[in-house]
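Work through the following exercises with the sequence and the 3D structure in view, and try each task before reading its solution.

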Amino acid sequence: MSRLADLAIRAPRRILVVAVVLFLAAGAYGSSVADRLDPYGADDAATESVQADRAIQRASGLEAAPGVIALVRTPAGARSPAGRRRLARVAATLRAEPLVGRVAPPVAARDGRSAYVAAVMRAAAEDPRDEAARRLDERLSRQPGVTVGGWLVASDELNHVVESDLQRAEMLAFPLLFLLSLLFFRSLVAALLPVLVGLVAIVGTFAGLRLASELGSVSIFALNLTTGLGLGLAIDYSLFILSRYREELAERGPGGDASEALRRTLATAGRTVLFSSLTVAAALSSLLVFPQRFLYSMGLGGTMVALIAAAVALIVLPAVLAVLGPRVNAGAPRWLAHRAQRDARPDAAGRWYRLSRFVMRRPGRVAAASAVLLIAMGIPFLSISFTSVDATVLPRDSVPRQVSESLRRDFPAGREAPVVAVVPAVRAPALRDRVARIPGVDGVAAPQPIGDGLAVLQAHMSAPLFSRRAQDVVSAVRALPGARVTGSTAEFVDTRSSIARHLPLALAIVAGSTLLVLFLMTGSVVLPLKALVMNLLTLSAAFGLLVLIFQDGRLESVLDYTSQGALELTQPVLLFALAFGLSTDYGVFLLGRIKEARDAGAGDREAVAIGLERTGRIVTAAALLFCVAIGAFATSQIVFIKELGVGTALAVLIDATIVRALLVPALMEMLGRRNWWAPRPLRRLHARIGVREGEPVKVGA
């Protein structure tokens, strides 16, 4: 930190020139990142459903399931001469596409007034299949009475919706963030800096994701997390560094040494920002253990943006401060200038100080009430149900979604996404009879030989795709000798099992990194364990509220979504890593100031009060600004992106209010000096490698 400060003081303009050049290069390279990223992606190559898909592709050269479905309105009836001609034209258009390998016979709706024709694509690279689906969508949509759906068309539209959501979220978030930053940062110049840091971090991460897409598959949804998290972390880190810099300037008075203030800022808040960013990055890097492209991409993007935001905040922002000096407070209205001066001189009589004293006079009651409230909010989480991504996550006016809903509503059950079993061809007739007798199976199509001595059985279910009954059907078919099962329900079952297998390692990474960082910060083993417990309470409360909002559909009209009756399967995992990292992030800042006051000679109770006074307003402001940045995705048209934005915002707000303002000081008071306990070998280890916030400052400073 001292060397970084010296570099910023010695060559600030050189740093800024290099930063501008890198920013422009990253912007040029990463500007096309959205066009190079892939759809959702929840498959695990080691699962049975993926292996069954590959067996079908090897044997037949075709995909396992239809990629494009043309829904055809036939007012005169699907079997009328006019209806047959219309269906024949649609089938001919599908067959004319070189990447279409098979066109299934038309299936008529129950009322006979519509029918659909499904096209199975040849096994090919993902991009050519997507392009073929776009061509078919364009050609078929010109024909009267034809609407086009299917997973390839739906996933392509999903990408476009994500891009438009991202642009809308940015347009909403940036102006609001600037106005709130002006209020919290108290000056025009200071308010511009977090937006600058966030913009540089996001553009840098876009370039990193573009590079990663050249090396492997990256989901487009990483862009959403990158934007929201990048803005939020940039604001957090900028706010903590700027507020400390102002404190140091105020302590030295007018005409004081701004260079020394910057050195002190990086030695304290700068070092905390570094380790806080490592905590967030470590928590999100736990997602890299999952083989699902969606989770892996979120982990990759989140880890990148956390580290890049910290690098910009620790290298570029100090250079800006070295150039500005006391002018960082320029552009402030008089009433904000007075508040800025007051904020820069935290004392032992502020609101947060008084709140901590109030809490610590009755710690048992406050801790019990806070814990009961958090547990009560988390109770709905016990009834959580899961679903997966399909066309119904698209907006209501989306054509692929309307096609999907029509297939489920108007056609015989289970035709849109059957259970597909790859079986030995010689046993296919006998296995078909056994599949037909499984409870929940509504019918089984005739076996389709595909080569290599294999055949495909398609079983239609009467149960909803991801329901328990549908999963029981998959389990029953898999119990048959020689059967390998795929299809939407089987993929859902396999994804859930894959996540469950990889979850212990991810949890170990999150918990281990949290314990390590907080031990290095505090030298205690009690405080890290206590942080784990409080983070779990925060997460359970956020998950419980998510169940009420999205699974039970309590705010459909307010948030403009249609409840799927469950939460998307990967969201709890993603929210766990993200919210856990952010909760620890805020905890590091609070504990850092408490420890600094304690090292300067304050008693345990006084150190807690001073720490909360010096971070309370800042953490609350950072949390509100972060909620605006990430909560902007509540405006998304994709329901599980709404879940991500709302869930993260809820977790951050709960952590910054109930946990940091009430539970932390109450538990600190109850445990007293035991908060700082560690076994003697660990105390010696911390003395050698522990993190220190520079030289202690005076308690009253």
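The exercises below concern a helix pair and several salt bridges.

The model is predicted, so local features need pLDDT of at least 70 and side-chain atom pairs count only at pLDDT 80 or more, while totals for chains, interfaces and linings use all residues. Residues are numbered from 1 along each chain as its sequence is written, and side-chain values use heavy atoms, with hydrogens and water left out.

**Exercise 1.** Describe how helix α9 packs with helix α10.

Solution. Two packed helices are described by the angle between their axes and the distance between the axes. Helices here are DSSP runs (H or I, at least four residues), numbered from the N terminus, and axes are lines fitted to C-alpha atoms over the stretch in contact, with angles running from 0 to 180 degrees between N-to-C directions. Helix α9 covers residues 222-252 and helix α10 covers residues 258-285; they pack at about 155°, with their axes 8 Å apart. That angle makes α9 roughly antiparallel to α10, a term for angles over 145 degrees. By class, the contact of α9 with α10 has 14 nonpolar residues (Ala, Val, Leu, Ile, Met, Phe, Trp, Tyr, Cys and Pro), 5 charged ones (Asp, Glu, Lys and Arg) and 4 polar ones (the others, Gly among them).

**Exercise 2.** Is Asp494 buried or exposed, and which side chain meets Asp494 in a salt bridge?

Solution. Buried means under 20% relative accessible area and exposed over 50%, with partly exposed in between (1.4 Å probe, protein chains only). At 8% relative accessibility, Asp494 counts as buried. The side chain of Asp494 meets that of Arg478 in a salt bridge (2.8 Å, N to O). Arg478 lies in helix α17 (residues 468-478) and Asp494 in helix α18 (residues 488-522), so the pair ties together parts that are 16 residues apart in sequence.

Conventions
Helices (H or I, at least four residues) and strands (E, at least two) are DSSP runs, numbered from the N terminus. Angles under 35 degrees count as roughly parallel, over 145 as roughly antiparallel, 65 to 115 as roughly perpendicular and the rest as oblique. A salt bridge is a side-chain nitrogen of Lys or Arg within 4 Å of a carboxyl oxygen of Asp or Glu.
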